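Q: Could you show me how to read the packing of helices in a model, one pair at a time?
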Amino acid sequence: MKKKNMTWAISLTALAIVTALVSCGGQPQAEGTSKSGGTLVFARAGDSVGLDPGRETDGESFYGATAVFDNLVEFVPGKTEVRPALAESWDFADDNLSVTFKLRKGVKFHDGTDFNADAVVFSFERQRDENHPYYNLGPWKYWGYMDMGNIVDSVEALDDYTVRFNLKKPEAPFLANLAMDFAAIVSPAAVAKLGENFKNNPVGTGPFKFVEWKKDDSIIFERNKDYWADDVYLDRLILKVIPDATARWLALQKGEVDVIDFPSVEDIPAMKANPDIQVMQQEGLNVGYLAFNTSKPPFDNKLVRQALNYAVNKGEIITAVYGEAGTPAKNPLPPTMWSYNDKVEDYTYDPAKAKDLLAQAGFPDGFQTSLWAMPVSRPYNPNARKIAEIMQAQFAEVGVKTDIVSYEWGTYLDKTDSLEHDMAMLGWTGDNGDPDNFLWVLLSAPAAEPPAGNIAAWKNAEFTALIKEAKETMDPIQRNALYMDAQLVFKEEAPWITIAHSVVSIPMKSTVKGFEIYPTGKRVFRGVWLEK
């Protein structure tokens, strides 16, 4: 079959130019330069759940996984375009039902074993094939969330450095999907040796090698001196857990850490005024939301869901929690995402309308329920407990009494994807720059099956049909129209209260160079260096 060449024609010279443009100050890796060596301490709000990227779904886990693992393709720093990584090139068949990758040669896993086509097959087949000897190490949640079981028919090694993905159907965002963390390439030998414990002792080909994990305290990585690219400068990377935002800021001021995640919005003006601190900011590709569990009464009633949308004053939430770093959300897609439907009309704050709809639904005196709040700060929700308390008071005004519930982060994720909640706060930062990554993962009918990415348990046939057609359509104009229509269905059916989109702020010492904010929420330390 004739193939249409989709190879990224990036020469070594062009790649060097691209890399220089997306980092601070050039890329020479000569020993003894100001870019070589040093330890960077990154303070974050919570710990990883695990470090096997195929198993986990939370950003904190991916921070560590991104350091250890590579993918076949990767996102250009600070962008959503895809470039070669462990694959040097690829070709799509004319019918878009197969993709063939040519792999980089001479790459070693951290355990000294060879990266090759068999390792690629292993990394994907362990998630796809129920008969694979290590399939039972799952559940492979992201594989399910991304509908990969209905996309990938098989993965096969054509020779030591050529791999072909055979697809069941065309999939427009397929290449971008392979740049996501769940698609990282793992060491088959390490998985075979460690089994269940691989999630605590990850082995990849990435820029940093795993050294030690002190649960709820820190994870230590060291530079992979044999890395295939020449842009790894840090000798050591430490991910430090400091749950309180004020404490993180104090640690940065004292010089105990170099970079902090999720600062308190109240502290940002002081950070910007400090000559020793730089604050990187970017409009986030994210959304924070409250999901109604539509598999449980009374949230199986659309009128109840609409009523609670009318009961919420988003302006009060934005002012109290997000400040200038947040904007009210009306769609499940952020406004920076293509196909965002700005013609959608949001629910206004109207307690009288809320009471009327509750009465129509059979709850003239309201009802009792629970509202789950995340225990950690995230880009899309800097203080879930505070938002929960505001919503609790607003719901009480229309007769709905709520108990606020929370758990440890890993437990919270397990319980919400098991659909144990009544209402639960979560959010999403886009993984691949495609609307499919929001709408299919978070709201499709297949994603409502536990372990659920769709924690609203919302199974709307019209909505799912629209986004299914969109993901299987290669024409971007047609895809755009389908996603616009899907957002109208979402708003009418109201499975969520869309809360906010946020600006992502990353404060750091002025000596930290080369750090990029990724729209996808990744924290990438390859290319980062410390000015002496």
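Q: At roughly what angle do the axes of helix α14 and helix α15 cross?
A: This is a predicted model, in which local features need pLDDT of at least 70, side-chain atom pairs count only at pLDDT 80 or more, and totals for chains, interfaces and linings use all residues. Residues are numbered from 1 along each chain as its sequence is written, and side-chain values use heavy atoms, with hydrogens and water left out. Helices are DSSP runs (H or I, at least four residues) numbered from the N terminus, and axes are lines fitted to C-alpha atoms over the stretch in contact, with angles from 0 to 180 degrees between N-to-C directions. Here α14 (residues 436-443) and α15 (residues 461-471) have axes that come within 10 Å and cross at roughly 140°. α14 is therefore oblique to α15, since angles under 35 degrees count as roughly parallel, over 145 as roughly antiparallel, 65 to 115 as roughly perpendicular and the rest as oblique.

Q: Which residues of α14 and α15 meet?
A: Contact means heavy atoms within 4.5 Å. Asp 436, Leu 439, Trp 440 and Leu 443 in α14 meet Phe 463, Thr 464, Ile 467, Lys 468 and Lys 471 in α15.

Q: How do helix α10 and helix α12 cross?
A: The axes of α10 (residues 314-322) and α12 (residues 384-396) come within 10 Å, crossing at roughly 155°, which means that α10 is roughly antiparallel to α12. In their contact, Glu 316, Ile 317, Ala 320, Val 321 and Tyr 322 of α10 meet Lys 386, Ile 387, Ile 390, Met 391 and Gln 394 of α12.

Definitions and conventions. Helices (H or I, at least four residues) and strands (E, at least two) are DSSP runs, numbered from the N terminus.
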